[in-house]
Amino acid sequence: MTTATPVQDLTKDQLAQAYRVMRTIREFEDRLHVEFATGEIPGFVHLYAGEEAIAAGVMAHLAPTDYIASTHRGHGHAIAKGCDVKAMMLEIYGKAQGLCHGKGGSMHIADIEKGMLGANGIVGGGPPMICGVGLSAKTRRTDQVGIAFVGDGGSNQGTFLESLNLAAVWHLPVVFVVENNGYAESTSPNFHQSGVDVAKRADGFGLPGVVVDGFDFFAVHEAAGEAIRRARSGGGPSLLECKVMRYYGHFEGDQQTYRAPNEVEDIKASRDCLDQFANRVTSADLMSAADMKAIDAEVHELIGTAVAEAKSAPDPDQSDLLTDVYASY
Amino acid sequence: MITKLGMPKWGLSMTEGKVLGWLVEEGEKVDVGDGLAEVETEKINGEVEAPAPGVLRRRLATVGQVYPVGALLGVIADESDSDAEIDAFVADFQAAFVPEEAADEAAGPATQTAEVAGRRLRYLVHGEGDGVPAVLLHGFGGDLNNWLFNHEALSGTRPVYALDLLGHGQSSKDVGDGAATLAQSLVGFLDALGVEQAHLAGHSMGGALASKVVSEHPDRVASLTLIASAGLGSDVNREYIDGFVAADRRRAMKPVLELLFADPSLVSRQLVDDVLRYKRLDGVDQALRTLAAQMFPEGRQPIVFTDTLEAASVPILVIWGERDQVMPVAHARSLSSGFTVEILEACGHSPHMERAGDVNRLITQFWERA
Amino acid sequence: MARKITYMQAINEALEQEMRRDPTVVVFGEDNVGGFGSPGELDAWGGVLGVTKGLYGKFPDQILDTPISESAFIGAAVGAAASGLRPVAELMFVDFMGVCFDQIFNQAAKLRYMFGGKAKIPMVIRTMWGAGIRAASQHSQSLYPIFTHIPGLKVAIPSNAYDAKGLMIQAIRDDDPVMFFENKVLYATEAEVPEEPYTVPFGEASFVREGDDVTIVAIGRMVHLAEQAADQLASRDISCEIVDPRTTSPLDEESIYESVEKTGRLVVADESNPRCSLASDIAALVAQNCFEWLRSPVKMVTAPHTPPPFSPVLEDLYVPSSERIAEAARDAVTGKAGKVGAR
């Protein structure tokens, strides 16, 4: 595994921001878990709780002009990339003022203006698009980068493997972040990739690949920082395999009988990214428990308001069914 | 005595019927079994029969309307019953009537199964009482639903069993050695139900199997009714048998089934589809081919029971349609005077369906005498 | 009467009975068993919605999980079929066809033809279709027209549990590649289904209802909405004949023409998007082959020309409703030309 950013290398603002991002994601997802069980949320929802350190650690190095392509498990990426939390909640409830005007839902949350190329219902749908982002940046000579997220399951899609190759041969300013959360739906990497580290695939394509502790914000921050600097400076693509676990099921409603008993409770007790972060910053005297509590309270209120507003917000108008199909026709 | 004329339940799945027309005027005298109205159901058309003697005092059903099973279609009463009494009867009935729910299986009898020599037989029983039990046996390619116009009517004072023969309906599709196995299974069925002796009534191939049982186990048979039966002559319409076996599409099956009736319009699309669904069950094709090859090869019937039956002491009733296109009516006409033979005019190979009222009456009287 | 089971159970039973009868019938797809390599329960899912649950316990050598690699495992199904197996592979949602379409339309569909009849590809691809559960654009499409279009493929679209079991058994026994479309909303619907194995032939439409005034050809889930429409119209004295093609390739054209000859009017109810839909295909066939029997213009009831939306109020407008089908039938009877409704 890689080394971690020394905690003192980050400013208090950066640390507070990182904490805020992770706490917002955690609270957002935990609240959705509760609300989904009431039956009011339509469709499928795939929760990111447990994996926050990855989104926060990667996005800490990005500007709004950088792009990310996400997976079906995209709320965490969207929040970390700066998408409006209330607009996200409205979208998940299918309301007119949602980020996508209610037309995309949880699996297709996007905000191009914030460089969020969307959550994706198609596994492996993102990586080729991020290659395109890289090509665009290189052609227009900007220092933008593109980040493609996939899961351990998604790393077996042809599109992912082709994208690794394409990014390498075109020498693109992109980073592939594999969030290996231990399950492709219900099957384990022990089966679906014979237990071999995804990071090793990078070798075959000629780009650097590293394994990262996905529960450790500082480890992710360090590895992502190096990969993104490499990309921005013309050094080409990289692959990060962040090993982590998800706290909830593949989708809400998944009974998760394929997991070991107490699996989630054990991880929460020993590896939780927010607990680890809190321990590190308080030990180093860079943030206090009170600081974090204050952020917790603000986040709690934000999520609470977001849900309340989403529930009572208006639905899309009938005429919206036919809009936004084309730019012109 | 005021009696309800209600929408009957023909077969297991009927939930409603459309009244096509009245056959009798208001004020006319009617006898038990007289056809009073023509009704169309999903599967087939039939006649609603008078359940009691008297005068048809009210025709309440409108022609062209659909009514649920059990609905009041009319009222039969004596001359002496007053209009006011009849009006009250109607009002009381309508106030209390709740149509049977389509899903309410508990309302009607359910089919049951019996294991005979390791093979499953499905059957339906109507009626109870001290009378000698009876068993109804359908023909080639049929099933126990073929008796939908007869089963309840015949079950007055005795249990009446309608069977799916091996290879048919929902019984096992393993027909073993063919006719011998089928006949054996009938005896096995009686054993399984603890029935010492029964009236047997068979249609077409079912008649031949019943005849076989009489020839081998006469002590088990109280009487024998043969309806357009096989085994009474050496001919059979191979167009029907071979056509039935070969037809695998609606277009091919329809003209084959039309041979069963004097009036081809009785063959509805639903009827054709039901037969095709049966034929597409695994094992049916093999079963039918085995039986056809044995009992009806190339338009011939190698197995004939006339002599055996002549010598048997079991009472025998033979019913035939004059316009039977499958089993020639000549078979009935050439039987000796020892047989009681009833030939019905304007009737095809399925008298029990085409002339249900007459057939029910003939059989009921026959069983009572036997 | 036969017992009643659900559409989902009927498919499970068809698979079970065929796997038992024929050891070369092998089932695979993502999470078809579920839990492979994971610490907890095996057969944890039995398919994302449970259609293949229980099969692993009975036939552990005949059912496998796959990685999320459609191109590879659908392609593997083609090769397996060509070399002695009868695979039933699952393309979880038909919307995912993009990642493996070559293996289906260029390989599976064409090997027999390109090799001069010397190859046999007896495979089935099971896939889910249809909107209505708020699964949004990439999980709700009705893409069967695309597969119907490809020579060499067969396409089955059961509308009820009886047809689902019979068509699946037929599909497995058929020596050609079959796309078997399972509608997600219909999984819980029940019908009488014989316990024994049986087949429903391809290319034979089912007459769900008989009528005289207008023919409604309805695909898959639309059959049920057409029945509701017909009930509504019966009270206005319009009698509808409902034809369920059951397979769109081969298509039972004769039954459709027979019905149009009787009624003189045609409505096609099809959940796919309107351009190059089954509706337009069937309308054109009728216009070409029984024009003289038509008394009024053909009416097509389809989804709009948009992706399926997420928000429930919009998705409910997207899927054709029984009201729209009834309106189309009324228009057909009165001879009103043009698109149904303001849309």
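Colleague: What share of the contacts in chain B with a separation of 6 or more comes from residues 24 or more positions apart?
Modeller: 68% of them, with contact meaning heavy atoms within 4.5 Å. Bear in mind that this is a predicted model: local features need pLDDT of at least 70, side-chain atom pairs need 80 or more, and totals for chains, interfaces and linings use all residues. Side-chain values use heavy atoms, without hydrogens or water, residues count from 1 along each chain, and chains are lettered from A and ligands numbered from 1 as written.

Colleague: OK. How many helices and strands does chain B have?
Modeller: Chain B has 12 helices and 16 strands. These are DSSP runs numbered from the N terminus: H or I of at least four residues for helices, E of at least two for strands.

Colleague: And what percentage of its residues count as buried?
Modeller: 55% of the 370 residues in chain B. Buried is under 20% relative accessible area, exposed is over 50%, and partly exposed is in between (1.4 Å probe, protein chains only). The C-alpha atoms of chain B fill a box of roughly 65 × 45 × 40 Å along the principal axes.

Colleague: I'm looking at His352(B). Buried or exposed?
Modeller: His352(B) is buried, at a relative accessible area of 1%. You'll find it in helix α11 of chain B, residues 351-354.

Colleague: Which residues does it touch, neighbours within four places aside?
Modeller: His352(B) contacts Asn146(B), Trp147(B), Phe149(B), Asn150(B), His203(B), Ile227(B) and Val359(B).

Colleague: Switching topic: which chains share the most contacts?
Modeller: Chains A and C, out of 2 pairs of chains in contact. Chain A and chain B have no contact joining them, and their closest C-alpha atoms are 29 Å apart.

Colleague: What about the backbone, which residues does a cis peptide bond join?
Modeller: Ser249(C) and Pro250(C), with omega about -5 degrees. Pro250(C) belongs to the loop between β12 (247-249) and α9 (253-263) of chain C.
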